[in-house]
Structures are given as structure tokens and as C-alpha cells.
Amino acid sequence: MNSINTRKGLETKPASIKKSRGLAFTLDAVLAIIIIVALIPIFTLLSTKQDASQVGAQYLHLESEDTIDVLSKMQIKYIRNEPVIDDLFRRGVLDDSDLNSTVVDVLGGLWASQNPNDLADAANLSDQLISPLLPSGVKWSFKIENDLIFNTSAVNGTPLIASSKKSASGFAKNQSSTGYVARAFLENIVGKEDSSYFFFGGFVGNGQITGTIRDIPINSTIARIYLELNARSNFSFYLNGIMCQNMVVNFSSFGAENWTISNSSCLNNFVPGGINNISLNFTSVNLSQNYIGGGFLRAVYSTTDFVYEPSPKYYFPGTSGAINVYDSIYVIGNITNISAYLHYKTALQTFFTLGNATIFENNANDSAIAYSVNLDDAFILNALQSNGLSLSDLSGTTVPIRLGHRESNFSLGTGLADAFVVTAQSASMSSCDILNGSLLSCGANGNTTRFAAALNSDSILASALLALGVGNRLGNIGYHNNAPHAASYQDLTTSLATVLTAINNLNPTGNSKRCYACAIDEARRRLIPSSSSVPSGALQPTGVGSNYTKIRSIVMMGDGNADFCDNSDKLVGNYIQNCGTANAKKQAIDQACAMNQSPYSVGGNNITIYTIGYGSDSDDATLSSIANCTGGKFYKSSNYSELADIYSQIADIISKSVTYIQQSVIVEGYESELYPDSYIAFGYIPSVPNPGYKEISINTLTDPFPGCLGNFSINKILYLTDAKLLSYSGDYWTYSVKANSSNTNGFESAFNLSNWGLSFISLGDPYKVYLPLSMLKVNQTNYVLETVASNSSSTSASCSNKNRVIYSGRLRASTFYSSVFPNIQGRNVTVYYDSNGDGVWDGLTYVAMGTDLPNFDPNPVLVGDLNPSGNAIDYSFLELLAQLNYIINPGASGLPGSSTNPIDLIIGNEIGVQSDLLSIVPIPWGPSEMSISIWV
């Protein structure tokens, strides 16, 4: 079927003369009524004293007036059996579709054609129907406009003449009295570019970041991925576990960079209709630089779905490193219920807030457990009420949300660290090359030995970790070509005195070999919790096991090349002990990389190694690789005081604390994990209408704003369904947003963070700020003004030049019925389309319309060849194309659907149709004047 609906219109139905139900009037009955009606004014005239000529004129006027009134009311169905009417039916001049027409309608139609036969029928019909209605002896004529249809005789010049007129629409000389109306609409689409988004909050970090795209329609074809982020450091982008691209970042506080991924090797990993996992894996080992200060991923795809309505369900971005999410939610409607699910691992105090209400807080202490917390409606509602809030306070507005760790230093008795400090005992440790001024000098230049610096640093680390009552545990190991050397170790203990004694008992030996792998493996065996975590065949742990939930660390120094192998564990390299330097280095790195993995670990030992290079000949490359493989850090120094500071820093990291610098968190000594299946869900009554018949949803991303003040115009759509400002506030907070359009009284507040509280550190930071739809105006310029701040009393004069708005709306993929046209002809139209919104046509479609019409023309024509003033189909189709051309591109020219102004949807070679039978409707020509003149 084609894309045009034509509908038979209802002819004008004048009120019929009064009748009883089921009674068909004959012409005689009509005449009887006319005579009775006519007598009334005659008796009235005769009862008054008037001039005879005046009375006669009034009488004739009433006769002519009543006669033409009867003709305009008398429907053909009531005089169907009259011979003159029956003859017209018999000859096919009239048919059943004319039964509801009046005599005036039939006379007008016959006259309008100007066909001699039709004019003869009009004269005969006038004679047969008008003569019986007038008194005998009078003369008369019937005209339409100035054309005489019938007269009994020529006017003989008598002054006694009366005339009555009636205007009738739907007729025009030499014009058809019937025509066509049409309505065009889409029943299906071949392709519409749409987008699904994942938004990273106002601040997300610190650590590796994950997210999910869950709402790509199953029938979609992925075109590209657009990624726009305020990222702090370089990262690799993964889709469903497949590495797609390495991203190089040029960081600026309020900036944002973008990348477009279109290679098929990446896009083919998308699963339309499924859950798609995205990962941003930062390459920096510095956790404090692994974060995003706002951004989004946009998956662009082609779909045949008319309407895309994203769920208001909010999914948290996943983080591995620290749980630190500043963000916002909003629901366009009245929230009726709310629930949340939090899935995470941590041994730190973690909290979740909505607005200024703390919904949940957990003092976790087991890093091995993945916590699953379900917060139902009753639980959240109670927490809101405790803070003076209700669901209505969260409805139709931007609500800041916060999920993170409490800022704290660990109190007495809550230490979570198990660590070994590992010290080389090889002969080279006696080298006097550590700069130390005049203290502990072993040479004229004031240097001291590497071993003296190591003992001092070991003691500083021990004192920091094992302060009275903290609860951390520390052991020490000495190594050269083996580990531990006789009595040169101390298993994990909370006793500072015990560890310091063990450290002071260390001494350099005459052994010149260094077995890095031996030291690493010995520390591993003493840190892992029990033999149950080690597969059969692997080395079994010795000494005192540690609590499996503890954070495990190895602080290992080295002063030269690894040059001796550990042959005690055949599961990592089948090395002989005197294996050579290259093999010794490789084995040490392999030992470090493998110890948190099978076969050394089931579920992860979570051991981090911190390495320190002593002296000018330390093996920096090997020590750095060992640290990097476990997520630790490498340090180097030949200065006594610097080495002491390094061990003190490492102690701070291991002993753990949580501190914030603006929104960036520094979590010393521990990594938490938030899983991206965590969410907040809503039940709500939407404040925007449900999609109407043949409506199509669109979403539009505006150009970036130059600064704090930006403006944008909304394309020609039916109505808005969503609008949000994307705010790149970095590690500041989005403090306020105002909107201004012809719908507002100047700038009005759309969001103000201080309404939720003055202590920003506990509040979320919106990246998406809802712009109330009542503040915006379609087809006009709308203004947005943003302010960012570091706290409630310190605002910034600067804003990002990357802020922009995303708005969504609906457009109608159908037209109203057109006015009446004299012609309707089927067409095969060439329609150009632009599938990516850049204003340049990407393809064309031949659209067949009215294929079932007798005069369908299969030859392709351009939209410029259509006749919108004479063809009902052409008019309606061009109207439809104009509505489908919803992206306004500068420089576009020509009709919508032309090569210079392509439409923004891909429509099929036949627009889907729901079509009635093609039929005709009256054309509202006129009005034309009909008159009856009477004289004697």
C-alpha cells in the first residue's frame, strides 16, 4: 500500500424538511406543504390595507423565496421516484452517493461542468421541480450566477417582478465539484539515528572505571562510539572485554576531550538488546590521577523503532581503587517509590546519600567479601523522613547523590595492615655511598653505608606501623642468595620491640649473591592466610598465617642486580640456583606477577610490593617491574634522609587513611571496588505525555557553550520530553544553574546545590542538571547560566567551554488531512536522506505513493517536480518530508528530501500505509449565487 490516506468527506447536509420517521415524501406532499405555507403570508397581506401592486410584489417575493428554500432543503432520496430523478439515475447521471444531496447540489454540479448534456439536464430538472412549486399563471426563470438555466418565457417588461437568491458552496464554473484530500504518514522506518548514553558523574574515581550501556534496541546497527571526558590521565578503552583504543589525555581542569571510535573490530563487540560493559583502564600507577571529572559515552546506532524512552533507572559507574562517586539523578514526574542496590568490596567506612540525607552507611572491615545491599522503598523513605525529606522533594528536580568513603584516619585497634620489610644482606650492603652529612660517617665525605641507611629506614617503617594499639602487624626478612638467612627473619607480630630487635640483628654477610625471587616468595608464603588457599603442588605457607581480610604488603629494597635464582618452587620457572643475571631478574619479576594469581592464590592474595633502589648501581628496571606488577610503587635514593622519608611515606600508605582534596580522594594503603550493577530505581507518574500515534522520539546534542553563559535553539518538534545541561566542573561542584527564555521572567533557578546543604564535601556533584521543561521554548533561543564552586562561599568566575545541553522530544510522523484538491496522482519520488545529521546526503530512497491509483506514474521524480498546489498526494507528502527534516543545518536549501536539504530519517521504498479506499469529497468552491425570479 502507499503512504497517502484519502477520505471521502461528508457532503453538506442541510436540515431536511420536517418528516415522520420512515415516511418518504413525494413531490405532491411537498407541494401541499408549500401551498399551506404560501397561503399564510397571502392571507396576511389581504388582511392589511396596502396598494395592490405592493401586495402583489410581496406575494411574488414570498413565493420565490419559499421555492428556492425548498430546493436547498429537499434531498434527492425523498423524491427518488419522481420521473425526472429516476431518469437521471437510470442514465447514470446520479447514483446512490447522491441520495443525500439536495436539489440545489445536483443543479450546481450539472451547471459547473458546463457540459451541454449536463446543462440540458439542469434545465429539465428545473422545469420539472420548480413549476409545480409555483402558482399557475406566473412566469419564472432560474439562474446560477448570470447563467440562465431555465425560464418559462422572456421577461416582458412588467414592473411586477420578484427575485430570491441563495448562495451555495462547492460549485465553480468549469471546475469539478468534487476532489481529493490526502494524509501522509509513516508506518515504519528503515533507519533513524538514535543514541544511548552512559553518563559519568560530576566526579568518578579514583581508579579504573567501568559502566554499562543497557538500552540499545535489539534491532539496531551500531554506527560509532563517541566518548567525551574530563579525564585526568591516559587510559585504554575496552568494550565487553576487548581493547578498542588507547586514549592520550591533555588534561585541563574544566576541559573535556573527545574520541570517536568507528572501527568494526570494536563496534562488532556491541550486543544490541543486551548489557554492554565499558571500561576505562588508566595507565598511570598514581591512583590520585585516575579519575573523571564529568563526561559521557554515546553509542550511536540506526534503529527502526519510532520511540526510544530511556529508563529513569540510574546505574552507578563502577570503580576499582576507591569508591568515590559524585553525581546526580532526576525523574521527570512524581516519584511514587524508590529502591537501591549497592554491590561493592571494601574494608573502609562507606556511605550513600540522596540530597542531604544519608541513606546508608556501612563500617565494612572485610575486603574479601563482596557486599550486596538491597535498600527497599520503606528503608529509603524512613531515611529521607529522618532528614525532613519526602519523595515529592526528589520529584522533577536535580538531586545530588554521593557514594564514597568517609574521610578518616584509622583509630586505635583497627589496623588492617600485614607487611614484611625485606632487607638485602649481601656483601654490597657495606658499600659507603649513602649521602648522610657527618652522621654515621664511614668516609671523609660524610657518607654512610647502605646497610646503616636500611636499618634506620626499617625502624622508621616499623615505628609508624606498630604504634601502640594500632593493630597492624609487621615482620622482617633478610636475604642474599637465599631467604631467610639463619635467624634473619621475624614473623608477623604487633610488637614493635620484637620487630626492632629482629631488624637490629641483621648483618651484611660475605655472600655476594642476591636472590630477589627468594625474598619475594618467602614473604609471600608468610603473608598468605593458610594452606587452603594454595593448590596442591605449590609451596605451603609457613610461620604465622594472617587474617585473610588484611591488606598485605612487602617493602623490599635492593642495591644491585638480581643474580641468583630460587629453585625451590618449580611452578614458576624451572631455574637452577646459579641461573645467571638475566634469568634471575626474569624469575623475580615472574614471582611478583604470579603471586596474586593462580597457582599461588585462589581469589587473590592482594599483596602489594613497594620497592626501593639503594645506591648508584641498584637494578632499577627490575625493581620497578616488580612493583608495577602488583600495583605498588618504586622509589630510588642515595640519600640517608630521603630514604627515611620514603619509608615513612610507604608506612602512611600501608597504615591507611582517607583524605579528600576537593573531590579527589586519597586512600592510603587500600583499594575498594564498586560494581557497575549497582543502581537506584524509581516508580513514578511521568509528567510528559505518552507517545502519540505516529510520533517519533529524537535527542539532540547542542554545540559546546563558550563559558558560563550559553544559548541554544530547540529544533522544530512537537514537544520536549527531557532537557539537561552537561556540566564539566572538574573537581569543583556545579553550584547553580539558571535558565532564561520567553517562558521565564528573566533568569530563573533550575538548580542550586546550597538548597541541599552548605557542606559540599558530603553532597553529590551533578554532571547532568535537569532543565525544567516549563522554562524552555521550542523554536526559540534558550539561555543557560552556570556557576561552579569549591564550597558554598567560594564560587569561580570561570566555567568549562565544553558544557552543552542534550534535549529530547517527539515529532509527528504524520500529517493532518489536506484541503480538497481537484486531482490525485500516484508518484515514485526520489528522496535524499542524511543519516548522521551533518546536512550532507548519505543515500537516497525511491518512495512509491498511491501505487493502487489508476494513474500511478512509476517513473522517478524529484521532490522539486511535485505539484503541491494541484495534487493531494504531492501536497501531503511534502508536508510529511518537512516534518521529518528536524535537524536544522546552516546552508540547507531546496525542498526537504532534495539533495541539498536531505531529510533526517531513512524511509523505505514505500512509506508504510494504512489506507482507506480512494474516494472523492466535495470541493468548497464558491459560494455561487442561485436565483429564482417570478413575474406576471
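The legends below describe close-up views of one predicted model.

Residues are numbered from 1 along each chain as its sequence is written. Because the model is predicted, local features need pLDDT of at least 70 and side-chain atom pairs count only at pLDDT 80 or more, while totals for chains, interfaces and linings use all residues; side-chain values use heavy atoms, with hydrogens and water left out.

View 1. Helices (H or I, at least four residues) and strands (E, at least two) are DSSP runs, numbered from the N terminus. The chain has 936 residues, and 53% of them count as buried. Buried means under 20% relative accessible area, exposed over 50%, and partly exposed in between, with a 1.4 Å probe and protein chains only. Among the contacts in the chain with a separation of 6 or more, 77% come from residues 24 or more positions apart; a contact means heavy atoms within 4.5 Å.

**View 2. Helix H4 (residues 103-113) is mostly covered.** Of its 11 residues, 8 are buried. These buried residues are Val103, Val104, Val106, Leu107, Gly108, Leu110, Trp111 and Ala112. Gln114 follows H4 and has a positive phi, near 60°.

**View 3. Helix H9 (residues 450-465) packs with helix H10 (residues 496-504).** The angle is about 170° and the axes are 10 Å apart. That makes H9 roughly antiparallel to H10. Axes are lines fitted to C-alpha atoms, for helices over the stretch in contact, and angles run from 0 to 180 degrees between N-to-C directions. Angles under 35 degrees count as roughly parallel, over 145 as roughly antiparallel, 65 to 115 as roughly perpendicular and the rest as oblique. From H9, Leu455, Asp458, Ser459, Ala462 and Ser463 meet Leu496, Val499, Leu500 and Ile503 of H10. By class, the residues of this contact are 6 nonpolar, 2 polar and 1 charged. Here Ala, Val, Leu, Ile, Met, Phe, Trp, Tyr, Cys and Pro count as nonpolar, Asp, Glu, Lys and Arg as charged, and the others, Gly among them, as polar.

**View 4. Helix H11 (residues 516-527) and helix H12 (residues 581-594) cross at roughly 20°.** Their axes come within 8 Å. That makes H11 roughly parallel to H12. The crossing of H11 past H12 is left-handed, a term for a near helix turned anticlockwise from the far one by less than a right angle (right-handed if clockwise). Tyr516, Ala517, Ile520 and Asp521 of H11 meet Gln587, Ala588, Gln591 and Ala592 of H12. This contact has 5 nonpolar, 2 polar and 1 charged residues.

**View 5. Ala644 lies in helix H14 (residues 640-655).** Ala644 counts as buried, because its relative accessibility is 10%. Leaving aside neighbours within four places in sequence, Ala644 is in contact with Asn456, Ser457 and Ile460. The C-alpha atoms of Ala644 and Ala453 are 7.8 Å apart, although 191 residues separate the two along the chain.

**View 6. Strand E34 (residues 679-686) runs antiparallel to strand E15 (residues 314-315) and to strand E17 (residues 333-346).** Two strands pair if DSSP finds at least two bridges between them. E15 and E34 are joined by 2 bridges, with Tyr315 opposite Tyr679. E17 and E34 are joined by 8 bridges, with Ser339 opposite Ala681.

**View 7. An open antiparallel sheet of 4 strands has the order E35-E43-E37-E40.** Strand E35 (695-701) and strand E40 (768-770) are at the edges and have a single partner strand each, so one side of each is left without a neighbour in the sheet. Direction ignored, neighbouring strands are turned by 25° against each other on average. Strand E37 (residues 719-726) pairs with strand E43 (residues 804-812) over 7 bridges in the antiparallel sense. Asp722 has Ser808 in E43 as its bridge partner.

**View 8. An open sheet of 3 strands, with mixed pairing, has the order E45-E44-E46.** Strand E45 (843-849) and strand E46 (860-862) are the edge strands, each pairing on one side only. From one strand to the next, the twist averages 40°. Strand E44 (residues 827-833) pairs with E46 in the parallel sense over 3 bridges. Asn828 has Pro860 in E46 as its bridge partner. Helix H15 (residues 872-884) lies across E44 and E45 and runs at about 15° to E44.
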